[in-house]
Amino acid sequence: MTISKLVTMSNGVKMPIFGLGTWQASVVTSELYCSTFNNTFFQSSKESVISSVKTALNDGYRLIDTAAAYFNEEAIGEALAETFKEGKIKREDIFITTKCPPTFLHPQKQEEAISSSLSKLKLDYVDLYLAHFPCAYGDELKPEKALHDCKPEDIWKGFENLYEKKLTRSIGISNFNIEQIHRISKSAKIPIHNHQLELHLYFQQDDVVEVCKKYGITVTAYAPLGSPGRTSYKLSNGFQPKWPVGPEPLENPVVQYLAKKYSKTPAQILLRYLIQKGISVIPKSTNAKRIIENHQIFDFELDENEMRNLYNVTQQPRLFWQDFLIGHPEDPYKEERGKQHKNPLHLI
Ligand SMILES: NC(=O)c1ccc[n+]([C@@H]2O[C@H](COP(=O)([O-])OP(=O)(O)OC[C@H]3O[C@@H](n4cnc5c(N)ncnc54)[C@H](OP(=O)(O)O)[C@@H]3O)[C@@H](O)[C@H]2O)c1
């Protein structure tokens, strides 16, 4: 089974099925985005972001996933500019995804947000622009600043405008629930092209994937390795969110067995499983060896039985609860937040 390295979106735009994630490859801070915590966070140096992006591009990666909220768009922009200058890769060969933060989701503020991202990335357009969450806020991410009148449908109207202005070649959503996808799809002039959501071995989200399929929405898995580095996420004031405790996909026995069988790493098995299902993956790494290794998943194939065994792994609750959305009328996980989940705020 040969897997196409490109996924075609409903508007004909082709998106690589594999790319580099960059959350926690952050270099700057955000008083605006993280004002709830009054924090600054430094996860890695600017040089490390530039070097990771260049390592990935040199290795054949053609998709880089970022977000205004990762505070690394400027470093990525530098890596891209240097790469273009070297003349090996052209702008049109690369697919750049970035995301509009919740404090800029009001349609009147979206253009300012995308223009800021474009300027940092040193680009005239991005390839995919995502609404990072379905919840719009005023100037701060505090429950009292939730914009109750700005519904996902309103956010989407603004996104259609950005698309029509050709600031982005496609538009999509992230962290929306099924009901919100239905609502947008019913009223949209331009369909949702992509949904980026938490998706890995222990949280396969079949129901959401099914709905996306129905509407012709391509799916991107975030945390495709189960985000093992999430626990080192720390705010500058020392606050470290608590994460749900559960099994790690990389340590799953079926994954370990298949890794041995195919002489691959557990990460490569997890990634291959998802792309074999037609789901795009954006594993993050700032480690050159792992960046290159994670990409080597196009030279082997899991058989039907192995795919079924991975599919049948007992599912666990989500890892990314995005608790800062609690209290917003469009909190996508309102219904799902149960007794098992008592995490302090975390923000991704
Ligand atoms: N839309 C959203 O709300 C949202 C939320 C979360 C993430 N995302 C996006 O999705 C991307 C991926 O998610 P993620 O970063 O949370 O999780 P992930 O890609 O599942 O895991 C990344 C972690 O795994 C480590 N790692 C990478 N390759 C490895 C390997 N071969 N073996 C063992 N460990 C390995 C990385 O460490 P090293 O760097 O040290 O290799 C890092 O700590 C993000 O970077 C971001 O772009 C989006």
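A salt bridge is a side-chain nitrogen of Lys or Arg within 4 Å of a carboxyl oxygen of Asp or Glu. The model is predicted: local features need pLDDT of at least 70, side-chain atom pairs count only at pLDDT 80 or more, and totals for chains, interfaces and linings use all residues. Residues are numbered from 1 along each chain as its sequence is written, and side-chain values use heavy atoms, with hydrogens and water left out.

**View 1. Salt bridge between Glu306 and Lys261.** The N to O distance of this side-chain pair is 2.5 Å. Helices (H or I, at least four residues) and strands (E, at least two) are DSSP runs numbered from the N terminus. Buried means under 20% relative accessible area, exposed over 50%, and partly exposed in between (1.4 Å probe, protein chains only). Glu306 is buried at 7%, whereas Lys261 is partly exposed at 42%.

**View 2. Salt bridge between Asp127 and Arg91.** The closest N and O atoms are 2.9 Å apart. Asp127 sits in the loop between helix H3 (107-121) and strand E6 (128-131), and Arg91 in the loop between helix H2 (73-86) and strand E5 (95-100). The two residues are 36 residues apart, and both Asp127 and Arg91 are buried.

**View 3. Salt bridge between Asp323 and Arg337.** The N to O distance is 2.9 Å. Both residues lie in the segment after H10, 14 residues apart. Asp323 has a relative accessible area of 2%; Arg337, at 17%, also counts as buried.

View 4. Gly278, which follows H8, has a positive phi near 85°.

**View 5. Strand E8 (residues 194-198) and its parallel partners.** In E8, 5 of 5 residues are buried. Two strands pair if DSSP finds at least two bridges between them. E7 (residues 171-174) is joined to E8 by 3 bridges, with Ser174 opposite Gln196. Between E7 and E8 the chain passes through helix H5 (residues 178-187) in a right-handed β-α-β crossover (with the strands pointing away from the viewer, the path from the first strand over the helix to the second runs clockwise). E8 and E9 share 5 bridges, and Leu197 has Ala221 as its bridge partner in E9.
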